[in-house]
Amino acid sequence: MAQIHLEVVTPTGPVVSEEVDIVTAPGVGGEFGVLANHAPFLSTIKTGTLSYKKDKVTKYLMVSGGFSEVSNNKITFLVESAEFGQDINVERALRAKERAEKRLAQAQQSTEKINRVRAEAALQRAMARLRAAELVRH
């Protein structure tokens, strides 16, 4: 099977750089998949789970916000953060989710929009971490 080169890069450096069979990512317009020799395109990435398969093994990463580019049989993700599902501390992610839900409930009663936006972003990250960790365990 033909492969495509996958690069996942965060502000702290590269997270993934390898040849893979398929990549599935959380685009702002919806989830999308990319195989070898895909047509060039750009997409905005939302917080969620990015997965890729190589040699019948699927790996999962939680990614938060960024961009992707497909060009010349290579897909590059420039994201704010990326964590492998098996590296996620589930207890910590659950606590973060609970804190974000409390902040969101408090922000709903406040007129400060910035607090609500920050709480929603924190909740999305926590839920994406939990999802990536859950996918690895199943």
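Predicted model: local features only at pLDDT ≥ 70, side-chain atom pairs only at ≥ 80, totals over all residues.
I take a residue as buried when its relative accessible area is under 20%, as exposed when over 50%, and as partly exposed in between (1.4 Å probe, protein chains only). Residues are numbered from 1 along each chain as its sequence is written, and side-chain values use heavy atoms, with hydrogens and water left out.

**Entry 1: E7**

I located E7 in strand β1, residues 4-10; strands are DSSP runs of E with at least two residues, helices are runs of H or I with at least four, and both are numbered from the N terminus. I then asked which side chain of opposite charge is nearest to E7. Lys and Arg were counted as positive, Asp and Glu as negative, and His and the chain ends were not counted.

I did find a polar contact of 2.6 Å between the side chains of E7 and H5. The term denotes a pair of N or O atoms within 3.5 Å; within protein, one must be able to donate a hydrogen and the other to accept it, and residues adjacent in sequence count only if both atoms are side-chain atoms. Leaving aside residues up to four places away in sequence, I noted that E7 touches V16, S17, K74, I75, T76 and F77, contact meaning heavy atoms within 4.5 Å.

**Entry 2: salt bridges**

How many salt bridges does the rule give? I count four.

One of them joins the side chains of E18 and K54, at 3.4 Å from N to O. This pair links distant parts of the chain, 36 residues apart: E18 belongs to strand β2 (residues 13-20) and K54 to strand β6 (residues 48-54). I recorded K54 as partly exposed, at 27% relative accessible area.

**Entry 3: pairs within helices**

In helix α1 (residues 90-108), E101 and K97 are four residues apart, which means a separation of about one helical turn. Their side chains form a salt bridge of 2.9 Å, N to O. E101 is partly exposed at 36%, and K97 is likewise partly exposed at 23%.

In helix α2 (residues 113-137), R131 and E134 lie three residues apart, so about one helical turn separates them. The closest N and O atoms of their salt bridge are 3.5 Å apart. I noted R131 as partly exposed at 40% and E134 as partly exposed at 38%.
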